[in-house]
Amino acid sequence: MIKLVASDLDGTIIDKAGSIYENNFKAINDLNKKNIDFVICTGKTYPIVKGMCSKFNANYGIFGNGNEIINLKTGEEIYKQLLTPEQINSCISIAKEHKLHVHLYTNTEIITESLQYMDLRNYKLQQSKIYDSSLKITIIPDISQYLLFNNPQVCKLVISSEKDLSNVKDEILEKEDISVTTIRKYGEYKDSIINKEYEYLDISPKNINKNTALNILKNYLKINNDEVLAIGDNLNDLDMVKNSGIGVAVANSYDELKSVAKYTTENPVETGGFAEAVYKFIEF
């Protein structure tokens with residue numbers, strides 16, 4: 001019997017236009033009525049999606065691709081990991097050597113030298129009120145100087161480019177013992193919010209990912225792996241979907257995710273792929 005449903009947000013429950021299919025709300029409400037824990041698993045930090053968590057009446061949240069776990073009913077912080085100043089400065093140095101865009105996430109702000117790529121996307125989403133975000137966007141002339149004088153607690157760092165970042169990723173991993181995930185937004189996965197194709201490196205503390213965080217939450221809740229249904233669409237969902245009791249890819253997912261999922265929905269995000277998965281594997 002499924003006791004926990006963990007789901008990504010963008011591309012899984014929320015479509016490119018920021019719309020949410022009506023049946024997805026119904027599915028989440030039905031999970032709550034059945035006392036099945038609903039867990040939001042997102043690469044976004046908590047302040048960005050705080051309003052959405054409340055709208056979905058989620059029980060728990062895994063944020064920043066796994067560097068923070070919060071009990072959304074009580075506000076308790078169950079788990080948190082931060083990048084060290086040395087790791088942050090090393091990544092920024094490499095990014096600047098390659099003339100790449102970099103921005104940082106703390107629990108309260110996005111820090112950037114200019115709005116581009118993902119931080120521009122987050123700015124536009126904030127302006128549209130889709131997420132009802134409380135995150136502050138801080139634009140500064142020199143990110144290294146800002147870090148030196150303010151010493152913020154950085155949850156994750158993002159390096160973005162329209163060029164292939166494979167060599168940059170390798171260079172970072174040679175110097176630092178951290179987690180680096182590549183996300184590509186090309187072709188059908190183009191970022192429609194800012195109308196741009198690019199890729200980015202999502203950089204977090206070592207062994208931080210959605211799957212690891214979900215394992216920590218399962219242990220906290222004393223839930224077995226076969227009691228977990230995990231749903232996603234992107235590459236940062238891959239391990240979570242692959243290793244859960246029932247792992248589902250929505251129809252619009254990357255092929256790599258579909259290849260490890262136990263089930264791929266007939267419906268994409270726009271027509272309720274999330275709800276399809278919930279009703280297929282849970283009896284109400």
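1. Start with Ile40: its bridge partner in β3 is Gly61. Strands here are DSSP runs of E with at least two residues, helices are runs of H or I with at least four, and both are numbered from the N terminus. Strand β2 (residues 37–41) and strand β3 (residues 60–63) pair in the parallel sense over 3 bridges; two strands pair if DSSP finds at least two bridges between them.

2. A quick word on the source: this is a predicted model, where local features need pLDDT of at least 70, side-chain atom pairs count only at pLDDT 80 or more, and totals for chains, interfaces and linings use all residues. Residues are numbered from 1 along each chain as its sequence is written, and side-chain values use heavy atoms, with hydrogens and water left out.

3. Now zoom out to the sheet. It is open, with 8 strands in the order β5-β4-β3-β2-β1-β12-β13-β14 and mixed pairing. At the edges sit β5 (77–80) and β14 (263–264), each pairing on one side only. Helix α10 (residues 273–281) packs on this sheet and touches β1, β2, β12 (228–232), β13 (246–249) and β14. The direction of α10 makes about 160° with that of β12 (axes are lines fitted to C-alpha atoms, for helices over the stretch in contact, and angles run from 0 to 180 degrees between N-to-C directions).

4. Have a look at Ile2, in the segment before β1 (4–7). Is Ile2 buried or exposed? Ile2 counts as buried because its relative accessibility is 8%, and buried means under 20% relative accessible area (1.4 Å probe, protein chains only). Beyond neighbours within four places in sequence, Ile2 has contacts that include Ile36, Val228, Ile246 and Phe281, contact meaning heavy atoms within 4.5 Å. Ile2 and Asn225 are 223 residues apart in sequence, yet 9.4 Å apart in space, C-alpha to C-alpha.

5. In helix α2 (residues 46–56), the buried residues are Pro47, Ile48, Val49, Met52, Cys53 and Phe56. Their cover includes α1 (22–33), β2, β3, β6 (101–105), β7 (109–112) and α4 (117–128). After α2 comes Asn57, with a positive phi near 55°.

6. Last, a helix pair: the axes of α3 (residues 85–97) and α6 (residues 166–175) come within 10 Å and cross at roughly 150°. That makes α3 roughly antiparallel to α6, a label for angles over 145 degrees. Ser90, Cys91, Ile94 and Glu97 in α3 meet Val168, Glu171, Ile172 and Lys175 in α6.

How values were computed
Buried < 20%, exposed > 50% of the residue type's maximum accessible area, 1.4 Å probe, protein only. Parallel < 35°, antiparallel > 145°, perpendicular 65-115°, else oblique.
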